Amino acid sequence: MRIIKCMFLSIAILRSAGINAQPVMETGGQKMPDEWIDKSTGHKVMRLTRKEGSSMSFYFHNNPFIGNKMVFYNSRLEQPGAVTDMKRETYNLNIKDRQLYLLDLNTLAIEQLTHQSMPMSGEIVSAKRKEVFFQVKDSVFSVNVETKAQRLVFVFPEGFKGDITTVNADGTLLGGAKGSDAEKEIYTKYPAKSDFFTRIYEAHLPRTLFTIDIRNGTLTKIFTDSAWLNHVQFSPRDPSLLMFCHEGPWHKVDRIWTIDIQTKKIMLMHKRTMDMEIAGHEWLSADGKRIWFDLQQPRGEHFFVAGTDVKTGKEIKYKVNRSDWSVHYNNTPDEKLFAGDGGDPGAVAKAPDGQWINLFTPNGDTFITEKLVNMKHHRYKLEPNVHFSPDGKWVIFRANFEGSENVYAVEVEKH
């Protein structure tokens, strides 16, 4: 009963605060009110992170929710109080004082979780443990969202400096990948993605998947290959199933794989069938039964969102119009609704009018699209990375259309 009450309260709060006086406005290019109606779509949009600084929600496949609370990053702006620059092309990802915060979706109250003096990384939330995991140099920490107590979980030993990226379903293991010193040298010499990406792929350097037992600090090496192992994600339901990718130019790799960390059985989740076919930006369904991904057959020509059953390998796919293609997609747990974050004209779809937050409803083998937010004032150097809210009523995303980064929610239902 308490859960139902909490869910209704969340919806009520997100619909409140001036519901009868919300302005109908073009989204972005100016300082926006806390809530407004996007004049292009008729959908209500609201700023969730009403805090000074640069606020960033998580990458699309990283779960940010514990119950009805959301974890996010906030960084102090380099020039507090400065006039907002609507034309700024970069965003504040690694500036000073980047910390983790907790947003209550019932009240929009914000609590600070970390107080780190060193740069930190990691978007790893264990709802089961009510903990958020992060990494500072070679040390892994966690913070409890209820008590705010922080603890040291693990320190990487000399000779094995890895990066954590995921936690398993029962909250017992962290997972990640370790690269070689030669790979790090490439990153150092060629810091821009356009410079290092192909170089690392062609170098065929060893990479190792590993786990860390949260309970006792045991480090276990799972699998090593000369492929660029990346995008490591545990299944949200099966504690032993780990998904990873072969990174590199998508048209050259069979990208999406799983490994059972107990049996070490490895399975390819999608085999390319034509020249220049690409598949990527994969994520696991909430029930862990399916892996979804962006599929193009061939690249830049025909667009789909596809899903593979992790047990049977059976695949389904939904056609997406070029103008509706998105950099990242996500879906509700029942898979009845999908969302996408759009893309600018320079993205792979080359869509002249692709800058939207989109809602998709499967219909046969096609997606029916509804526009939620006009993102023409957003600079896509920052990827919006959509998530559905825990109650499925809102699509949450990050954007810079006001001139600085914030986290927003758009209501799925139009009133």
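# Salt bridges, strands and rings

Guide: K31, D34, E35, K44, R47, R50 and E402 are linked in a network of salt bridges. A salt bridge is a side-chain nitrogen of Lys or Arg within 4 Å of a carboxyl oxygen of Asp or Glu. This is a predicted model: local features need pLDDT of at least 70, side-chain atom pairs count only at pLDDT 80 or more, and totals for chains, interfaces and linings use all residues. Residues are numbered from 1 along each chain as its sequence is written, and side-chain values use heavy atoms, with hydrogens and water left out.

Visitor: How many salt bridges does the structure hold?

Guide: The network of K31, D34, E35, K44, R47, R50 and E402 is built from such contacts. R76 and D97 also form one. For the structure, the count of salt bridges is 21.

Visitor: How far apart in sequence are the parts that R76 and D97 tie together?

Guide: Their closest N and O atoms are 3.7 Å apart, which makes a salt bridge. Both R76 and D97 lie in the loop between strand 6 and strand 7. Strands (E, at least two residues), like helices (H or I, at least four), are DSSP runs numbered from the N terminus. The pair therefore ties together parts whose separation in sequence is 21 residues.

Visitor: Is E158 buried or exposed?

Guide: Buried means under 20% relative accessible area, exposed over 50%, and partly exposed in between (1.4 Å probe, protein chains only). E158 forms a salt bridge with K161, and K161 is partly exposed at 23%. E158 has a relative accessible area of 73%, so the word for E158 is exposed.

Visitor: What is the N to O distance between E282 and R255?

Guide: E282 counts as buried at 0% relative accessibility. R255 counts as buried at 3%. Their side chains meet in a salt bridge, with an N to O distance of 2.8 Å.

Visitor: Where does E282 lie?

Guide: Its salt-bridge partner is R255. R255 lies in the loop between strand 18 (241-247) and strand 19 (256-260), so the pair ties together parts that are 27 residues apart in sequence. E282 itself lies in strand 21 (residues 278-284).

Visitor: How many of the residues of strand 7 are buried?

Guide: Take one face: Q99, Y101 and L103 are buried. Take the other: L100, L102 and D104 are buried too. Strand 7 (residues 99-104) is thus largely enclosed by the rest of the structure, and its buried residues number six of the six.

Visitor: Which residue of strand 7 is the bridge partner of V71?

Guide: Strands pair if DSSP finds at least two bridges between them. Six bridges join strand 6 (residues 69-75) to strand 7, and the two run antiparallel. In strand 7, the partner of V71 is L102.

Visitor: Which residue of strand 8 is the bridge partner of L102?

Guide: Strand 7 and strand 8 (residues 110-112) pair in the antiparallel sense over three bridges. In their hairpin, with five residues between the strands, L108 takes a positive phi near 65°. The partner of L102 in strand 8 is E111.

Visitor: Which strands stand at the edges, each with a single partner strand?

Guide: Six strands form an open sheet with mixed pairing, in the order 1-2-3-31-30-29. An edge strand has one side left without a neighbour in the sheet. The edges are strand 1 (24-25) and strand 29 (387-388).

Visitor: How many aromatic pairs does the structure hold?

Guide: Rings of Phe, Tyr and Trp (its six-membered ring) pair if their centres lie within 6.5 Å. Planes under 30 degrees apart count as stacked, over 60 as edge-to-face and the rest as tilted. The count of aromatic pairs is 23.

Visitor: What is the angle between the planes of W36 and F401?

Guide: W36 lies in strand 2 (residues 35-38) and F401 in the loop between strand 30 (394-399) and strand 31 (406-411), so the pair ties together parts that are 365 residues apart in sequence. W36 is buried at 0%, and F401 is buried at 0%. The pair is edge-to-face, 6.2 Å centre to centre, and the angle between the planes is 85°.

Visitor: What is the distance of K317 from the ring centre of F304?

Guide: A charge sits over a ring if NZ of Lys or CZ of Arg is within 6 Å of the ring centre and within 35 degrees of the ring normal. K319 lies over the face of F304 at 5.8 Å from the ring centre. K317 lies over the face of F304 too, and its distance is 4.3 Å.
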